[in-house]
Amino acid sequence: MTPLILALLAGAAAGVSLGALGAGGSILTVPALVYLLGFTPAAATTASLVVVVVMSATALVAHARAGNVRWRAGLLFAAAGLLPAAGAGALSARVPAAVLTLLFAAVAALAGLHMLRRRTPRGSGTVSGARAVGAGAGLGAVTGFLGVGGGFLAVPALVTVLAVPMSAAVGTSLLVVGANALVALAGRAYTAVHLDLALLLPFLAAAVLGAWDGRRLAAKVPAGTLRRVFGAVLLAVAVAMGATAVL
């Protein structure tokens, strides 16, 4: 199978995940770029940020039109993560590939376990400024360092820390992760990382189209089934990446 076909298939899978679940797209992007398309871990996490920015902006428009974005809460949460995202983004390219791979495997395992859980986060009813700043900064650092959007972290954080209704949490999380990813990408602007645009652009195009298909899939397949399937895939990815980094 040619690299171009692999890029299209992997991009479509990442897009379907984001469209169907509001999370998981970038978690699939990095291992796909590394193991299917031959990107280095540093290049893959940088390319993933490009994918996160474009996909988040595309999906955000649809959620905004439906009234499912809490702009004030999202901007406040994102603001706390901007400096950590920029700093972590600049630091990431200087970290050994094996360490970066192990850390990414740990986050992928966390995301997989989160998707396998069936409980829906509930808001606390109160908003703590200190907790909001801490959660926003933590999410920004994860986004910048590993090139993941962090929707699986942002959604429960928005619900429990900023008391955003669950119906608006996914849309608002897109604003947060998109802003963090854009700043993190700017933080990597001066690092010597080569991106193969001949593969990245088809991947990105397929991801955007896949996100629309994912929304239609979500309307036909029970949400619990989708979450369990993607959760199992992420756990398998985490095990494979961890084994590769160690061996």
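1. Start with T29, which sits in helix α2. Keep in mind that this is a predicted model. T29 has a relative accessibility of 0%, so it counts as buried; the cut-off for that label is under 20%. Leaving aside residues up to four places away in sequence, T29 touches A14, S48, V51 and F203.

2. Helix α2 runs over residues 25–35, and it also turns up in the lining of the second largest pocket. That pocket holds about 250 Å³ of space. There are 13 lining residues, and those closest to the pocket's centre are L28, P31, A32, L36 and V237.

3. Which elements give two or more residues to this lining? They are α1 (3–21), α2 (25–35) and α10 (223–246). Helix α10 gives the most, with 5 residues.

4. By class, its lining has 13 nonpolar residues, with no polar and no charged ones.

5. Now for helix α3, residues 41–65. How far apart are its end C-alpha atoms? They are 36 Å apart, and this agrees with expectation because 25 residues at 1.5 Å a residue should span 36 Å.

Methods: Residues are numbered from 1 along each chain as its sequence is written. This is a predicted model: local features need pLDDT of at least 70, side-chain atom pairs count only at pLDDT 80 or more; totals for chains, interfaces and linings use all residues. Side-chain values use heavy atoms; hydrogens and water are left out. On a 1 Å grid over the protein atoms alone, a cavity is a set of points where a 1.4 Å probe fits but cannot get out, and a pocket is an open set with protein on both sides within 12 Å along at least five of seven lines; lining residues have an atom within 4 Å of a point. Grid points are joined across faces, edges and corners, and a volume is the space filled by probe spheres set on the points. Helices (H or I, at least four residues) and strands (E, at least two) are DSSP runs, numbered from the N terminus. Ala, Val, Leu, Ile, Met, Phe, Trp, Tyr, Cys and Pro count as nonpolar, Asp, Glu, Lys and Arg as charged, and the others, Gly among them, as polar. The expected span of a helix is 1.5 Å times one less than its number of residues. Buried means under 20% relative accessible area, exposed over 50%, partly exposed in between (1.4 Å probe, protein chains only). Contact means heavy atoms within 4.5 Å.
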